[in-house]
Amino acid sequence: MQINSSDLGLAARVAGLTKTYGAGSGTVTALDDVSVGIRTGEFTAVIGASGSGKSTLMHVMAGLDTPTSGRVWLGETELTSLGDRELTRVRRRSAGFVFQSFNLVPVLDVRSNILLPFELDGHRPSKDELTWIDHLIGTLGLSARTAQRPYELSGGQQQRVAIARALATRPAVIFADEPTGNLDSRTGREVLALLAEASSLHGQSIAMVTHDPVAASHADRIIMLADGRIVHDGGRLSAADASELMLSVEPAR
Ligand code: ADP
Ligand code: MG
């Protein structure tokens, strides 16, 4: 019998996931037999030293990269059995992305950037979806910016556009990789509060990669990687406790 991740209350899941790069003596094991689920409606932080495998885990979970061995589910779908085309379609429908570098399309205005996931998926937003998008634009403080291009905005404003874009399709999971990495600490805290709110108010499942204990302290759950393995998986921590946890393991390689 096929057990879907959603049957387990999970928005995404990997089982026995190993990812290696390169071949022969140059082989790097980025992830070593990792099994973990991202729980529906939760804000999960994935922490760990640089090189511990955080981005690789996120990329494989989101279908941006393929496992060397093991299985991956996103929303209702097992990714590991899909061809490229289907994988792209599932990723567009089930995953939202927020990157350190914002990744907005420079030639599109703010509104078009937010609507891009619908455009790429080849469907017009429904009336209900447009209402949700207008709500997002309002609550993210972007109402006066919709006709502007990304380069006309501050970093914090650009990241809010990226968050609106990620939330627009109400994906099974939003994957955020160091979303505050290019922001000053105050703007970074605002962005973290917005992500936490998307999860607490709207039940949005979020997996956020960070090496910042302050960022991690906004999450409901903290998973820590070291050398490609999970070494901690627990509930909310203060920034001080998250920092202590991160210092408790040897830096990766
Ligand atoms: P983190 O996000 O925690 O800093 P990564 O997942 O980016 O860690 O990297 C984990 C390990 O895999 C590191 O040793 C890194 O050098 C290696 N790695 C990541 N991506 C690649 C790649 N495309 N080719 C070769 N090695 C890679
Ligand atoms: Mg990384």
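Reply: Start with a term: a polar contact is a pair of N or O atoms within 3.5 Å. Keep in mind that this is a predicted model.

Now the contacts themselves. A polar side-chain atom of T56 lies 2.6 Å from an oxygen atom of ligand 1. K54 has a side-chain N or O atom 2.8 Å from an oxygen atom of ligand 1. For S55, the side-chain distance to an oxygen atom of ligand 1 is 2.9 Å. On its own, ligand 1 has 560 Å² of accessible area, and the protein covers 61% of that.

Next, the whole shell. Ligand 1 is surrounded by 12 residues. The closest are G51, G53, K54, S55 and T56. By type, the shell holds four nonpolar, six polar and two charged residues. Which elements supply at least two residues each? They are strand 2 (28-39) and helix 1 (54-61). Helix 1 gives the most, with three residues.

Now step from the ligand into the protein. K54 is also touched by I47. Other residues that I47 touches include T210, A216, I222 and L245. I47 belongs to the largest nonpolar core, which has 42 residues. Along with I114 and M208, I47 has the most contacts inside that core. Helix 5 (residues 155-168) provides the largest share of this core, seven residues.

How values were computed: Residues numbered from 1 in each chain as written. Chains lettered and ligands numbered in written order. Predicted model: local features only at pLDDT ≥ 70, side-chain atom pairs only at ≥ 80, totals over all residues. Heavy atoms only, no water. Near = heavy atom within 4 Å. Polar contact = N/O pair within 3.5 Å; in protein donor to acceptor, adjacent residues only side chain to side chain. Areas by Shrake-Rupley, 256 points an atom, 1.4 Å probe, with all protein chains shown as cover. Helix = DSSP H or I, 4+ residues; strand = E, 2+ residues; numbered from the N terminus. Nonpolar A, V, L, I, M, F, W, Y, C, P; charged D, E, K, R; others polar. Core = buried A, V, L, I, M, F, W, Y, C linked by side-chain atoms within 4.5 Å. Buried < 20%, exposed > 50% of the residue type's maximum accessible area, 1.4 Å probe, protein only. Contact = heavy atoms within 4.5 Å. Lists of a residue's contacts leave out its neighbours within four places in sequence.
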